[in-house]
Amino acid sequence: DGALMNESIDTESGSANVTKRHINVYSSDIDNDGIVEVPLAKMFTGYTDPLSSDTRWKINWSEIETGKIVNNSMNTFHNSLEGWFFILPEKWDTDVSAAIVNESNVSQTTFFVPYEIADDNYSMSYDETNSLVTIYAVSADNADTFIRKNRDVTIIKETETTVYGYKVYDNGMSKYAVTAEDVEFLLNFNKSTEWTLEGLVQ
């Protein structure tokens with residue numbers, strides 16, 4: 001009848017609960033298919049407290065119709081402070097988690113496979129044996145020293161303030177493994193204030 005409709009509202013319940021999220025990422029046509037996707041936040045495996053600042057979130061970019069999810073376009077992890085996001089491979093599903101460590105002007109975001117120690121209870125420890133890839137953001141002032149000490153890190157982007165790199169782990173986890181070529185496709189850098197693929201460079 002020509003009336004505007006808020007597709008996030010469930011026509012049966014009158015609620016928009018499906019679109020509630022705990023991070024500041026906004027609706028966008030993330031895959032440039034002409035349809036606006038809604039970013040739905042879900043805690044990575046192993047996290048249990050949605051109010052903790054240490055909790056890491058994956059974004060399910062979803063098409064919503066009358067308050068119901070009708071399609072999932074892609075899953076991503078966003079590091080908005082550092083200006084990048086990572087498209088999560090489908091094969092990772094719910095088996096892979098993420099953690100961030102900041103120390104000595106170096107930020108490390110590691111994607112890893114947490115060990116289940118009981119039903120829905122996971123060990124969030126990670127090292128060379130269960131890590132898949134680490135993304136580094138290094139202060140430009142410390143970059144030369146960092147590069148000398150970390151020859152296994154590949155530099156992918158440099159700005160006046162920050163040097164970005166990544167490390168892929170070879171530990172036999174073939175089910176989840178990604179290659180350097182995969183990382184350079186999946187890792188995207190923000191070029192504007194909008195989280196859209198049109199505003200990014202790879």
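This is a predicted model: local features need pLDDT of at least 70, side-chain atom pairs count only at pLDDT 80 or more; totals for chains, interfaces and linings use all residues.
Mentor: Residues are numbered from 1 along each chain as its sequence is written, and side-chain values use heavy atoms, with hydrogens and water left out.

Trainee: What makes Glu-128 and Lys-167 a salt bridge?

Mentor: A salt bridge is a side-chain nitrogen of Lys or Arg within 4 Å of a carboxyl oxygen of Asp or Glu. The closest N and O atoms of Glu-128 and Lys-167 are 2.8 Å apart, so the pair meets the rule. Glu-128 lies in the loop between E8 and strand E9 (131-139) and Lys-167 in strand E11 (residues 162-168), so this pair ties together parts that are 39 residues apart in sequence. The strands named here (E, at least two residues) and helices (H or I, at least four) are DSSP runs, numbered from the N terminus.

Trainee: How many salt bridges does this rule give?

Mentor: The count comes to two. In the other pair, Asp-152 is joined to Lys-167, with the closest N and O atoms 2.9 Å apart. Asp-152 lies in the loop between helix H1 (143-149) and strand E10 (154-158), and Lys-167 in strand E11, so the pair ties together parts that are 15 residues apart in sequence.

Trainee: What makes the contact between Asn-79 and Glu-82 a polar one?

Mentor: A polar contact is a pair of N or O atoms within 3.5 Å; within protein, one must be able to donate a hydrogen and the other to accept it, and residues adjacent in sequence count only if both atoms are side-chain atoms. The backbone nitrogen of Glu-82 lies 3.2 Å from a polar atom of the side chain of Asn-79. Asn-79 lies in strand E3 and is buried, with a relative accessible area of 6%.

Trainee: Which residues line the largest pocket, and how is its lining classed?

Mentor: A pocket is found on a 1 Å grid over the protein atoms alone, as an open set of points where a 1.4 Å probe fits, with protein on both sides within 12 Å along at least five of seven lines; lining residues have an atom within 4 Å of a point. The largest pocket has a volume of about 430 Å³. Of its 20 lining residues, the closest to the centre are Arg-56, His-78, Ser-80, Leu-81 and Ile-100. Strand E3 (68-79) gives the most to this lining, with three residues. The lining holds eight nonpolar, ten polar and two charged residues; Ala, Val, Leu, Ile, Met, Phe, Trp, Tyr, Cys and Pro count as nonpolar, Asp, Glu, Lys and Arg as charged, and the others, Gly among them, as polar.

Trainee: What is the volume of the second largest pocket?

Mentor: The second largest pocket holds about 160 Å³ of space. Its lining has four nonpolar, five polar and three charged residues.

Notes:
Grid points are joined across faces, edges and corners, and a volume is the space filled by probe spheres set on the points. Buried means under 20% relative accessible area, exposed over 50%, partly exposed in between (1.4 Å probe, protein chains only).
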